[in-house]
Amino acid sequence: MNSENTSVSPRGDDTTAKKILCIDGGGIKGVFPAAFLADLEEEVDGSIGDYFDLIVGTSTGGIIALGLGLGLSAKETLGFYEKYGPSIFRGNGGLGLVRWLGAAKYNPTPLRDALTEVFGEKKLGHSRTRLVIPSLDLETGQVHVKKTAHHPRFERDYKELAVDVALATAAAPTYFPTHRIQAGIPLIDGGTWANNPMGAAAVEALGVLEWTKGDVRLLSVGCTTAPLNVGADRTERLGVNYWAKRLVAVMMAGQSSASIGTAQLLLGHENVRRISPMVGDGRYKLDRVKDIPSLRARGASEARTQLPLLREMFFSTKASEFVPIRSLDEQSMEAAR
């Protein structure tokens with residue numbers, strides 16, 4: 001099996017367990033988790049989002065999480081990438097690299113237009129399940145996590161447009177410009193601290209929702225994993241020129257490893273399942289749209305292998321209905337339908 005498999009034997013069916021779905025960041029590589037979930041969905045009853053009590057997603061994973069929470073099927077979220085991916089990551093012409101040195105690589109307008117086409121005027125509070133969507137506040141340097149109204153402390157986020165929440169979590173530095181929400185807060189990609197949000201999800205489950213340890217199961221879907229290739233065996237003194245292109249990969253690998261370990265420690269190793277196939281170094285890039293067909297196929301293949309292992313653990317029964325502590329007014333709810 002070519003996935004990061006961080007579980008041990010499943011603990012029987014999911015009749016009473018609370019279930020979490022986590023989705024990593026990764027740009028266009030989000031096609032993999034979208035395709036994986038879409039193919040699983042074909043073999044279960046109803047939408048894949050109906051089986052989870054909490055969905056946590058960062059960056060491209062945040063877009064998928066929002067889609068599932070707002071009632072889209074996994075197949076529809078996959079269609080979002082296939083339809084809009086080429087326009088969102090359209091190149092900047094012959095001077096692209098030169099321009100990239102001084103400004104964000106991509107214009108955010110195609111992404112905003114695509115999100116508006118899909119989400120319309122829906123707000124975070126229209127979600128049918130609990131959502132946690134990470135971003136980072138550039139003004140203060142503090143984490144900025146958008147959440148549905150699933151705790152008395154969460155009084156404001158549910159009123160925000162889903163489009164704004166998505167643009168904030170997906171504002172990857174150098175690729176897209178900082179996104180300022182209506183209050184003027186400058187937000188960037190949650191992948192800067194939680195590209196793999198498993199740890200944040202486990203903390204939310206036990207620390208905020210106060211779910212019982214041992215009765216929470218987490219399914220984490222990455223955007224494929226490449227081996228860390230930074231020349232660890234080199235002995236010379238390496239400086240800025242060497243590390244400039246490698247430091248992000250090192251930090252991402254460390255963050256993901258720590259996040260997996262946190263989730264396992266808090267929830268129990270046997271309750272955590274991580275799906276992120278190992279691929280060759282450079283096989284996929286977060287903005288290379290020609291990778292879409294291959295990522296789609298890999299997602300389908302992985303779903304075929306994993307479904308028998310996941311069905312009893314996550315898909316025996318649907319999650320209980322989510323009733324938010326605060327809800328939008330009926331007129332707003334009707335307008336968003």
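This is a short tour of one structure, stop by stop.

The model is predicted: local features need pLDDT of at least 70, side-chain atom pairs count only at pLDDT 80 or more, and totals for chains, interfaces and linings use all residues. Residues are numbered from 1 along each chain as its sequence is written, and side-chain values use heavy atoms, with hydrogens and water left out.

**Stop 1: helix α1**

Select residues 31–41, helix α1. Helices (H or I, at least four residues) and strands (E, at least two) are DSSP runs, numbered from the N terminus.

**Stop 2: helices α2 and α5**

Two packed helices are described by the angle between their axes and the distance between the axes. Here the angle is about 15° and the axes are 11 Å apart. Axes are lines fitted to C-alpha atoms, for helices over the stretch in contact, and angles run from 0 to 180 degrees between N-to-C directions. The two helices are therefore roughly parallel (under 35 degrees; over 145 is roughly antiparallel, 65 to 115 roughly perpendicular, the rest oblique). Pick out Ile-63, Leu-66 and Gly-67 of α2, then Leu-111, Leu-115 and Phe-119 of α5: they make the contact (heavy atoms within 4.5 Å).

**Stop 3: aromatic rings**

Select Phe-89 and Tyr-106. Their ring centres are 5.4 Å apart and their planes stand at 90°, so the pair is edge-to-face. Rings of Phe, Tyr and Trp (its six-membered ring) pair if their centres lie within 6.5 Å; planes under 30 degrees apart count as stacked, over 60 as edge-to-face and the rest as tilted. Phe-89 is buried at 12%. Tyr-106 is buried at 5%. The count comes to eleven aromatic pairs. Next, show Tyr-51, Phe-52, Phe-314 and Phe-315, a cluster linked by ring pairs.

**Stop 4: a hairpin and a loop**

Select β3 (130–137), which runs antiparallel to β4 and is joined to it by five bridges. Two strands pair if DSSP finds at least two bridges between them. Val-132 has Lys-147 of β4 as its bridge partner. Between the strands are five residues, and Gly-141 in this hairpin takes a positive phi near 80°.

Finish at Arg-153, in the loop between β4 and α6. Arg-153 is exposed, at 56% relative accessibility.

Technical notes:
Buried < 20%, exposed > 50% of the residue type's maximum accessible area, 1.4 Å probe, protein only.
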